Amino acid sequence: MTPDLECQSLTKRFGETLAVDEVSFDVARGSFFSILGPSGCGKTTIMRMIAGFLEPTSGDILIRGKSVLDTPPNKRPVNMVFQHLALFPMMNIADNIGYGLRRAGMGKADIARKVEEALDRIGLPGIGHRKVDELSGGQKQRVAIARCMVLEPDVLLLDEPLGALDLKLRERMKVELKSLQAAFDTTFVYITHDQSEALVMSDRIAVMNEGRFEQVGTGQDLYYRPSTAFVAGFVGDTNRWFGRIERVEGDMLEMRTESGMTLRGERHGRALSTGDRAEIFVRPEAIRIAHSAEELEHFDNRISGRVTSLLFNGADSRILVDAAGSDEVAVNLPQSGEFAGLARGAPVHIGWSGAQGNCFASPEA
Amino acid sequence: MRAQAKLGLVLLLTPLLLWLTLLIFIPHVDMLLVSLRERVSAGVYRTSLANYWAFLSEPLYLRTFMRTAVMSTLATVITLLIGFPVSYYIAKIARGRVQSALFLLCLVPFWVSELVRTFGWMILLRETGIISNLLQFLGLVEGPVEMLYNDAAIMVGLVYTSMLFMVVPLVTTLQTLPDEVVEAGYDLGGNSFSVLREIIIPHATPGIVSGCIVVFMLSLGNYLTPIMLGGKDSLWFTELIYSQFIVRFNWELGAAFGFMLLLLSSAIVWGMLKLTGQSLERTVG
């Protein structure tokens, strides 16, 4: 099956700056694809090129196998949910949803029927006569999606549409967006700087940095097997140490950090040899915590230190441990409540297996 | 505390109330009283509607008024047609310094007085003026061309004088239209015409209405431009009022004219608002 959306070496220059650099990807029919990256990485530029508001400097965009470069935005089989939704405040909800159908020249009765159907689909039947500013944030969100979906686009683009919502609503909308996507069975391309939105909703995620895709894969891929240092640092929380490689044995290696600790990590097939500058990433939840050093003997990384801060955050509570040198190590507290009584300044022992330490080459400082 | 708040309110309102009563309310009441006087003989007056009757029964007065109203409406429409694209360009297409520079350029002509501006047009349009000379130089016409002293010249002058008052409210409302909304209009299948009709114009309606009201009122009450650029046949209603007050020294009839101008122009504005389905509250508030 031809992918719904395919970008081939897409490049966009604004004068001297290279906003998007030879990006290629394809999105399978009916899947949820996210582009995740910090602000200014070029993800909005990609989206605007797909929607047709920007002309690529070079490269091609294909929708269902056909190049759309010569198609103006109002003729592309692609619709967009804008960052601030861009509902038309001068029209009521029914007219907002019916706008695209009117432009397509559909009859009045058909439009009314389709609008009703769409409102049922998003779970807001009978609000057609309401004004835009009478709706709540979440309702507007759904109307903005319905407004695009009545046109049955091949691809729906979403440009950080959850950014303006408050936290609770954002959590709910993540689940809702995912189920709407399943209900409409349309290809969604979603851009965001919020990793949790991307991880929760997407089938596949592309991590973007400085105009290039660092890695494309499932959420699990990105989280557990990051292929670049940027992905390891950007997706999820992590501890990070810089240092120099002292020993390499197969995939395992030993690194001396700048503060003088010796850490063991894995290079996962990456080219690293003795003497190279490198960095090791270890996730806070991969680190075990214990009252005595003996309990951790089977781990090849062990540190004893004192608790410098307690960061309580419900299920995601963690402590910062002062690790002999100058570094602070973030460690997740186990959910069992075993260490709930830990106080600042208390001595603790922490350890993790070398396989949990992801090691990447680092440019010379 | 409450007494203090009350005092504060009174103090804040005082300048406004003074302005309204001294400059608007009292003169108008006085005008109304003057207009209701009929001069019987030297120094003897009685209350009657004779002045209003004179206005309604003399075709010259009525026709001059109608002419003024129609010309002002036309000037308003032309100003809107020229001002809208200009405002759209300034508000949505120009960026940064170009935007402020263009806006300033609209303002620059208003640094000189209306009189000087109108003389500027006379220099351009008169028989020995720049345009006439240029046409002769290019060999397009045989002799000198007189372009002053007709309705077209008045129209040019009125549109020129009013442009700023149309551009300012339009730019202000158009600037509040998010680019996203316009893009969404295209993204969902609209072309330039339907985006203009369904999204941009409905959004800009408050600006269009307030701009039109101001321009219409300014044109209707304009005195200098029609006098200087218009010919003998181009009578303007304000000229009638002036001549009653100053030339004929008939203050009673002049006051009645003034009141009719106020009433009829208010009626026209009200009628236009009704016709276009707008309300003054929506436009101003």
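Where in chain A does UniProt place the feature "domain: ABC transporter"? The unreviewed entry puts this feature at residues 5–235 of chain A; UniProt positions are given here in the numbering of this model, feature names are shortened, and annotations may be inferred rather than shown by experiment. The structure is a predicted model, in which local features need pLDDT of at least 70, side-chain atom pairs count only at pLDDT 80 or more, and totals for chains, interfaces and linings use all residues. Residues are numbered from 1 along each chain as its sequence is written, while chains are lettered from A and ligands numbered from 1 in the order in which they are written.

The overall form of chain A is described next. The C-alpha trace of chain A spans about 75 × 45 × 35 Å along its principal axes. Chain A contains eight helices and 20 strands, where helices (H or I, at least four residues) and strands (E, at least two) are DSSP runs numbered from the N terminus. The span 5–235 of chain A is 36% helix and 26% strand, and its end C-alpha atoms lie 25 Å apart. Chain A is divided into domain 1 (5–231) and domain 2 (237–361), with bounds that come from an automatic or database domain assignment. The C-alpha centres of these two domains of chain A are separated by 39 Å.

Of the 365 residues in chain A, 39% are buried. A residue is buried if 20 or more other C-beta atoms lie within 10 Å of its own, exposed if 12 or fewer, and partly exposed in between, with C-beta atoms placed from the backbone. Two residues are in contact if their C-beta atoms, placed in that way, lie within 7 Å. Among the contacts in chain A with a separation of 6 or more, 65% are accounted for by residues 24 or more positions apart.

An open sheet in chain A is formed by four strands in the order β2-β1-β4-β5, with antiparallel pairing; two strands pair if DSSP finds at least two bridges between them. The edge strands, β2 (17–27) and β5 (66–67) of chain A, each pair on one side only. Strand β1 (residues 5–14) of chain A runs antiparallel to β2(A) and is joined to it by seven bridges. Within this pair of strands, E6(A) stands opposite D26(A) of β2(A). Helix α1(A) packs on the sheet and touches β1, β2 and β4 (58–63) of chain A, and its direction makes about 115° with that of β1(A). Here axes are lines fitted to C-alpha atoms, for helices over the stretch in contact, and angles run from 0 to 180 degrees between N-to-C directions.

Helix α1 (residues 43–51) of chain A is largely enclosed by the rest of the structure, because seven of its nine residues are buried. These buried residues are K43(A), T45(A), I46(A), M47(A), M49(A), I50(A) and A51(A). After α1(A) comes G52(A), whose phi is positive, near 105°.

Most residues other than glycine have a negative phi. S9(A), although not a glycine, has a positive phi of about 35°. This residue is located in strand β1 of chain A, and S9(A) is partly exposed, with 13 other C-beta atoms within 10 Å. D185(A) is likewise not a glycine and has a positive phi of about 50°. D185(A) lies in the loop between α5 (167–184) and β8 (187–192) of chain A, and counts as exposed, with 8 C-beta neighbours inside 10 Å.

M149(A) belongs to helix α4 (residues 137–149) of chain A. M149(A) is buried, having 23 other C-beta atoms within 10 Å. Residues up to four places away in sequence not being counted, M149(A) touches A118(A), F184(A) and T186(A). The C-alpha atoms of M149(A) and L135(A), which are 14 residues apart along the chain, are separated by 19 Å.

The contact between the chains takes 18 residues from chain A and 15 residues from chain B. On the side of chain A that touches chain B, β6 (78–81) and α2 (93–103) of chain A each supply at least two residues. Helix α2(A) gives the most to this side, with three residues. The residues of this side of chain A divide into eleven nonpolar, five polar and two charged; Ala, Val, Leu, Ile, Met, Phe, Trp, Tyr, Cys and Pro count as nonpolar, Asp, Glu, Lys and Arg as charged, and the others, Gly among them, as polar.
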